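I opened this entry to look at how two chains meet. I then checked a few single residues.

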Amino acid sequence: MIAAGAQWLAPAMLAALALALFSGLPVAVVLIAVGFLFAGLGMLAGAVKSTDFGAIYFRVYGALTDSDEILYATVPLLIFMGAMLQKSGVADDLLLGVRDALRRVPGALALAVIVLGALLAPAAGVVAASVSALALIAFPAMLRHGYRPASAAGVIAAAGTLGVVVPPGIILFFVADAIGVQVPAMFLGMLGPLALLLGGYMAFAAFAHPPVRPFPGDASGPAAPVAYATSLGRLALPCLLLGGVLLSVALGWATLSESAALGAAGAVLIAAAQRKLNLHNLDGVIQHTALTTALVFFIYIGATVFSLVFRLLGGGEFVLGLFRSLQIDAVGVLCVVLLVVLVLGFFFDWVEIVLITFPVLRPVLEGLDFGAHVGAPHLALYWAAVLLALNLQTSFLTPPFGYALLLARGAAPPEVTLADIYRGVVPYILIQLLVIATVMAFPAIATWLPERVFDLSLPHAGKFRE
Amino acid sequence: MDALARAVSAISLFVARLTVALMVILGAWLVPGRHLRVGPDADLKEFIALLFFALVMGSLGLGYLRDAHVRIDLLSKRLSRRARAAFELAGCVGVVLPLCAILIAYGGDAAWRSFLQGERLAFGDLPLQWLVRLTLPAGALLLLGAALSVSARCVRTLRAPRGEGSSA
């Protein structure tokens, strides 16, 4: 029960956070600052005790060292795997490999960009990095081969955000953790919607292709079998690696962290086999892993402080009450939640949205009764988590603020305007919306596979116990 | 303060290189090791969890020093360098330093009690759990060092004549 006079503190805390985030200070620092400020106000109002500050230490220590599971240890291993594939130049080879393998297929370069965006998912811890990397690699080649600026920009921006929804990316990992569903099941649950999404992307990319121009050195006729073999060889190892990580968890051969470690070690071996491994690269990958891990977990610590104080001030009840006061049915509430996430995605990166907003929205989602629609009550959260991930990706693509678009502009040649990018991305947004609507109408697309492989009825509190 | 920044960087990078390398090697060994029945699987998992904890706590300061943390600078990038330095200084002194103080005080106390009680590790049965508990205040100490170094950089920017000074 919240002390009288302290009830305004929870909404004021949300408002203060929304304003303070724009101060330009690190997001983690802002979260902690707002937490401290309102803890102080809560003490004055009698809702918080000074001893509650000790809970900050126990929460941080407890979450990061829980001896029953090593869930979070998976995160740096996935980051390492993606960074090794990217920094060792294997990613550049992949683009060329896909392009060469598809050289006679209409829209080969666009398809290559889509496949590369999907394969680099584990490296997409920061959407900014994957969009910029894809834009730098692909824009010049696409324009040279006759793609209109809008077509090239659309596919690059869309493919750059695939990391949000392609397993085993770390974004899905945190979405699952924040919503309270099993991480490996979430990975499998994304495969159905992902097949629809990639199918839509690829069909459009092939349909909207420019007149096929021969690639350099390709004017004399069909490619030699050796060249095809080389292209497929470039592709095979990274595809096997990422597929192996996913399959090893799905088939029960390895736990999530074990498969991530195998993936990380495999990425080192691939880089070595392709003579791309040296000490400089290895050290760069380790530093990238450390800095990205620090980035994510500093916000995690900030979110821990914020959510502790928010809960002490009755924030959970406030958010639930807010949604109840709308007096709309479960579908309406879900649509409002998706809309909130869509708008937040215009301004914030995934890490802020997932670590700060999702835990606040989780009780709302848990309270919705979708049992009849999805087949069983325990499947509803999995379905909602998949929808949230798809929605998060869409928000990064949606004009005018979708920041994958701004990043694509930043890395594009001068002749590509922001208007080109807005025009080019529209078909991909329509595909996104179509997939979201399809998954909403047919939840089995997201729940059928994980339900066959895992026991989803097991209770868990946002942790995947190994 | 530059020496402090160098020291924080050196310690953080040493911890990162050691922990990431060990996490990859030992983590990749878990599956074949289990099939070959070499060594206790659970102990190795516990150890990897501790490596992860050390990596997180060891990297926070490095991330702060290298400005690797997420910022929403839509509005702040329009501010002058001095105004941004003033904001940054307020964040360091008003938020990061108190957070470090809480983590060091509570974490140090927990490590000391663990040492006095001879608390044993979850693996290996050695009375060294205090080392694990010490990781959190040690990481907070590195973050404190980074925050002091960034604060000094901000003070230099604020003290510099207008139009000069290093960036915050």
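I count a salt bridge when a side-chain nitrogen of Lys or Arg lies within 4 Å of a carboxyl oxygen of Asp or Glu. The model is predicted. Across the interface of chain B and chain A, that rule finds 2 salt bridges. I looked up one of them: B:Lys45 and A:Glu258 pair through their side chains at 3.7 Å, N to O.

Next I asked which helices of chain B touch chain A. Helix 1, helix 2 (41-65), helix 3 and helix 4 each supply at least two residues to that side. Helix 2 gives the most, with 14 residues.

Then I took the extent of the interface. I find 52 residues of chain B in contact with 53 residues of chain A. The buried area between the two chains is about 4,700 Å², and carbon and sulfur atoms give 78% of it. On the chain B side, B:Phe52, B:Val70 and B:Ile72 lose the most area to chain A, together 15% of what that side buries. I also noted 3 residue pairs in polar contact between the chains.

Is A:Thr74 buried or exposed? A:Thr74 counts as buried because its relative accessibility is 1%, and the cut-off is under 20%. A:Thr74 lies in helix 4 (residues 74-87) of chain A. Beyond its sequence neighbours within four places, A:Thr74 contacts A:Phe173, A:Leu256, A:Ser257 and A:Ala260.

B:Leu128 sits in the loop between helix 3 (81-117) and helix 4 (129-159). B:Leu128 is partly exposed, at 31% relative accessible area. With B:Leu126, B:Leu131 and B:Leu134, B:Leu128 makes a nonpolar surface patch of about 310 Å².

Note on methods: Residues are numbered from 1 along each chain as its sequence is written. Chains are lettered from A and ligands numbered from 1 in the order in which they are written. This is a predicted model: local features need pLDDT of at least 70, side-chain atom pairs count only at pLDDT 80 or more; totals for chains, interfaces and linings use all residues. Side-chain values use heavy atoms; hydrogens and water are left out. Patches are made of residues with over 30% relative accessible area and no salt bridge: like charges are joined within 9 Å, nonpolar side chains (Val, Leu, Ile, Met, Phe, Trp, Tyr) within 5 Å. Accessible areas come from the Shrake-Rupley method with a 1.4 Å probe; for residues, only the protein chains shown count as cover. Helices (H or I, at least four residues) and strands (E, at least two) are DSSP runs, numbered from the N terminus. Buried means under 20% relative accessible area, exposed over 50%, partly exposed in between (1.4 Å probe, protein chains only). Contact means heavy atoms within 4.5 Å. Buried area is the accessible area (1.4 Å probe) that two parts lose on being put together, summed over both. A polar contact is a pair of N or O atoms within 3.5 Å; within protein, one must be able to donate a hydrogen and the other to accept it, and residues adjacent in sequence count only if both atoms are side-chain atoms.
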